[in-house]
Every structure is written in structure tokens, then in C-alpha cells.
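Okay, thanks everyone for coming. Let me put this one up on the screen and then walk you through it.

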Amino acid sequence: MADTTVKIDSATRDRFAALAAARGMSVRAYLAELAIEEENQLALGRATAVFRDVVGRPGIAEAFDREFGGPPASARPGRAA
């Protein structure tokens, strides 16, 4: 993979360097890891939105419980844990 240069102000550079050093990493490795983490957060946000849409539809929770047996008896309201 080819290297590239990104221009940032020196304060931001220093902040990245300090964060990387605190993790025992190079700035290059830290930024690569940060990019992966941010991509994962975006994907999680999209998945969360879809999940909320689906489970908010009428009858979905009941259909899930019918198909998969619902929560364990100890987790149902009115039952002792």
C-alpha cells in the first residue's frame, strides 16, 4: 500500500501522537485502527436503525416469541428470578 501525506494543524497532529503513544502505537497504526473503529460505528448505527424499525412494527415481537419461544420464564414479568 502506498503512503500518502495528509495536512493537519500541529495541535491535531500532537493530539494524535499523544493518543497513539498512550496506546503504545505509532500514529500510522493508531489512525488505521481509528478508521476501522469508525467504520464499525457507522455500520452499527445503520444496523441499529434497521433493528429499531423492524422491532417497532406491530406483531413482530409476538411473532418472534411464537417462533423462538420468547424469553426464559425467569425473565418474564411476574416471575421470580
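Start with Phe64 and Phe68, which both sit in helix 3, residues 60-68. They are 4 residues apart, about one turn of the helix. When I say helix, I mean a DSSP run of H or I with at least four residues; a strand is a run of E with at least two, and the numbering goes from the N terminus. Before going on, a word on what you're looking at: this is a predicted model, where local features need pLDDT of at least 70 and side-chain atom pairs count only at pLDDT 80 or more, while totals for chains, interfaces and linings use all residues. Residues are numbered from 1 along each chain as its sequence is written, and side-chain values use heavy atoms, with hydrogens and water left out.

Back to helix 3, then. How exposed are Phe64 and Phe68? Phe64 counts as partly exposed, at 48% relative accessibility, and Phe68 counts as exposed, at 58%. The cut-offs here are under 20% relative accessible area for buried, over 50% for exposed, and partly exposed in between, with a 1.4 Å probe and protein chains only.

Now the aromatic pairs. The rule takes rings of Phe, Tyr and Trp (its six-membered ring) with centres within 6.5 Å; planes under 30 degrees apart are called stacked, over 60 edge-to-face, and the rest tilted. That gives 2 aromatic pairs. One is Phe16 with Tyr30, a tilted pair at 6.2 Å centre to centre, with 55° between the planes. This pair links distant parts of the chain: Phe16 is in helix 1 (residues 10-22) and Tyr30 is in helix 2, 14 residues apart. Is Tyr30 buried or exposed? Tyr30 is buried, with a relative accessible area of 8%, while Phe16 is partly exposed at 23%. The Phe64 and Phe68 rings have centres 4.8 Å apart and planes at 40°, so that pair is tilted too.

Staying around helix 1, look at Ala17, which is in that helix. Ala17 is partly exposed, with a relative accessible area of 33%. Ala17 and Val27 are 10 residues apart in sequence, and their C-alpha atoms are 5.7 Å apart in space. Then take Leu42, over in helix 2, residues 27-55. Leu42 and Ala17 are 25 residues apart along the chain, with 24 Å between their C-alpha atoms. Leu42 counts as exposed, at 54% relative accessibility.

On to salt bridges. How many are there in the whole structure? The search finds 3, where a salt bridge is a side-chain nitrogen of Lys or Arg within 4 Å of a carboxyl oxygen of Asp or Glu. One of them joins Asp3 and Arg28, at 3.1 Å from N to O. That one links distant parts of the chain, with Asp3 in the segment before helix 1 and Arg28 in helix 2, 25 residues apart. Asp3 is exposed, at 59% relative accessible area, and Arg28 is exposed with 59% as well.

Another salt bridge is between Arg13 and Asp14, at 2.9 Å, N to O. Arg13 is partly exposed at 46%, and Asp14 is partly exposed at 43%. Then there's Asp53 with Arg57, at 2.8 Å, N to O. Here Asp53 is partly exposed with 42%, and Arg57 is partly exposed with 44%.

Let's zoom out to the whole chain. It has 3 helices and 0 strands, running α-α-α from the N terminus on. What is the radius of gyration? The chain has 23 Å, but a compact globule of 81 residues would be near 12 Å; that's taken over C-alpha atoms, and the globule rule is 2.2 Å times the number of residues to the power 0.38. Along the principal axes, the C-alpha atoms fill a box of roughly 60 × 30 × 25 Å.

And how much of the chain is buried? Of the 81 residues, 2% count as buried. The accessible surface comes to about 7100 Å², and 59% of that belongs to carbon and sulfur atoms. Those areas come from the Shrake-Rupley method with a 1.4 Å probe, and for residues, only the protein chains shown count as cover.
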